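Please read it with the structure open.

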Amino acid sequence: MSDYTQIIVTKADGIATITLNRPDKMNAYTRTMGQEIIAAMDDIDADDKVRAVIFTGSGERAFCAGADLTPEGGGHVFSDPSEVDDLSDPKVRDGGGLLTLRLFESKKPLISACNGVAVGVGATMQLAMDIRLASETARYGFVFARRGIVPEAASSWFLPRLVGIQQALEWCYTGRIFDAAEAKSGGLVRSLHAPGDLLGAAQTLAREIADNTSAVSVAMTRAMMWRLMSADHPMEAHKIDSRAIYRLSRGADAKEGIASFLEKRAPAYPGRVSADMPDFYPWWDERAYG
């Protein structure tokens with residue numbers, strides 16, 4: 001899918017940038033936008049030239065001002081308008097959750113450059129990204145209790161793991177809007193930047209990943225960090241990292257990593273995520289909705 005209508009996707013020098021592009025609506029989220037981001041991620045994961053992904057919003061006012069409260073074609077704002085008897089019916093599935101679950105599955109590192117207002121799904125979609133940078137003018141809000149619903153996009157799983165249960169509950173109980181400084185002090189974002197410097201800072205971080213690391217190593221590390229933090233014992237991590245080191249240490253990327261270090265030169269890793277992941281990857285069973 002290349003003819004996107006609500007996002008802009010660019011690729012340059014190993015870095016993909018996904019820009020939410022409804023500036024007249026403060027980049028408010030729609031089902032179409034969610035579907036386009038998922039399609040873009042499918043394309044990016046299949047493109048071995050892309051080494052890192054940056055998300056940002058179009059314009060200077062907003063990253064994403066939450067769900068569009070005047071949705072396409074009318075109907076329900078927060079859910080499918082269809083009536084069903086069985087709550088395991090796919091029609092019940094939350095659109096924000098479909099998006100964050102796809103981001104969770106990414107093989108590429110995801111960097112958020114939050115350039116303005118980020119409320120509702122505009123905030124929760126960033127929780128599935130790996131590193132979050134923000135403009136000093138950014139504002140966040142987990143506003144669901146003020147809209148008569150509950151946190152969506154699997155944020156009840158993501159948010160406490162990022163900021164701790166106490167902070168997660170306060171932000172969700174009150175539903176209040178808070179500024180970038182509070183987001184940083186609460187552990188939601190990594191760093192704050194002047195508006196004009198934000199995208200450059202995200203690109204510098206993405207460039208450091210793209211220029212210096214093995215794509216296969218990064219993809220494995222991302223999967224290990226996200227999936228093993230909920231394991232019930234460190235033995236589960238030991239099993240996976242032992243297998244990964246055993247396999248990858250025999251590969252071309254490990255040879256190049258050693259050679260480039262000893263020869264004091266920039267590395268040129270040959271490994272491709274599309275073809276060279278270790279034979280036990282993925283090691284988990286896919287979860288079904290039901």
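1. Glu105 and Arg227 form a salt bridge through their side chains, at 2.9 Å from N to O. Keep in mind that this is a predicted model.

2. Into the contact go 23 residues of domain 1 and 16 residues of domain 2.

3. How much area do domain 1 and domain 2 bury between them? The figure is about 1600 Å². Carbon and sulfur atoms account for 54% of it. On the domain 1 side, look at Asp48, Phe104 and Lys107. Together they supply 35% of the area that domain 1 buries against domain 2.

4. Now the polar side of the contact. Between domain 1 and domain 2 there are 2 salt bridges. Residue pairs in polar contact between the two domains number 11, counting pairs with both residues at pLDDT 80 or more.

5. Which elements give two or more residues to the side of domain 1 that touches domain 2? They are helix 2 (95-104) and helix 4 (155-163). Helix 4 gives the most, with 3 residues. By class, this side of domain 1 has 12 nonpolar, 9 charged and 2 polar residues.

6. Turn to Arg176. This residue sits in the loop that runs between helix 5 (165-174) and strand 9 (177-179). Is Arg176 buried, exposed or partly exposed? Its relative accessible area is 24%, so Arg176 counts as partly exposed: the partly exposed class lies between under 20% for buried and over 50% for exposed.

7. The surroundings of Arg176 deserve a look. Setting aside neighbours within four places in sequence, Arg176 contacts Tyr140, Gly141, Phe142, Arg146, Glu170, Trp171 and Glu182. Two of these contacts are worth checking on screen. The side chain of Arg176 makes a polar contact of 2.7 Å with the side chain of Glu170. The side chain of Glu182 also makes a polar contact with that of Arg176, at 2.7 Å.

8. One last distance. Ser191 is 15 residues from Arg176 along the chain. Their C-alpha atoms are separated by 21 Å.

Definitions and conventions:
Residues are numbered from 1 along each chain as its sequence is written. This is a predicted model: local features need pLDDT of at least 70, side-chain atom pairs count only at pLDDT 80 or more; totals for chains, interfaces and linings use all residues. Side-chain values use heavy atoms; hydrogens and water are left out. Contact means heavy atoms within 4.5 Å. Buried area is the accessible area (1.4 Å probe) that two parts lose on being put together, summed over both. A salt bridge is a side-chain nitrogen of Lys or Arg within 4 Å of a carboxyl oxygen of Asp or Glu. A polar contact is a pair of N or O atoms within 3.5 Å; within protein, one must be able to donate a hydrogen and the other to accept it, and residues adjacent in sequence count only if both atoms are side-chain atoms. Helices (H or I, at least four residues) and strands (E, at least two) are DSSP runs, numbered from the N terminus. Ala, Val, Leu, Ile, Met, Phe, Trp, Tyr, Cys and Pro count as nonpolar, Asp, Glu, Lys and Arg as charged, and the others, Gly among them, as polar. Buried means under 20% relative accessible area, exposed over 50%, partly exposed in between (1.4 Å probe, protein chains only).
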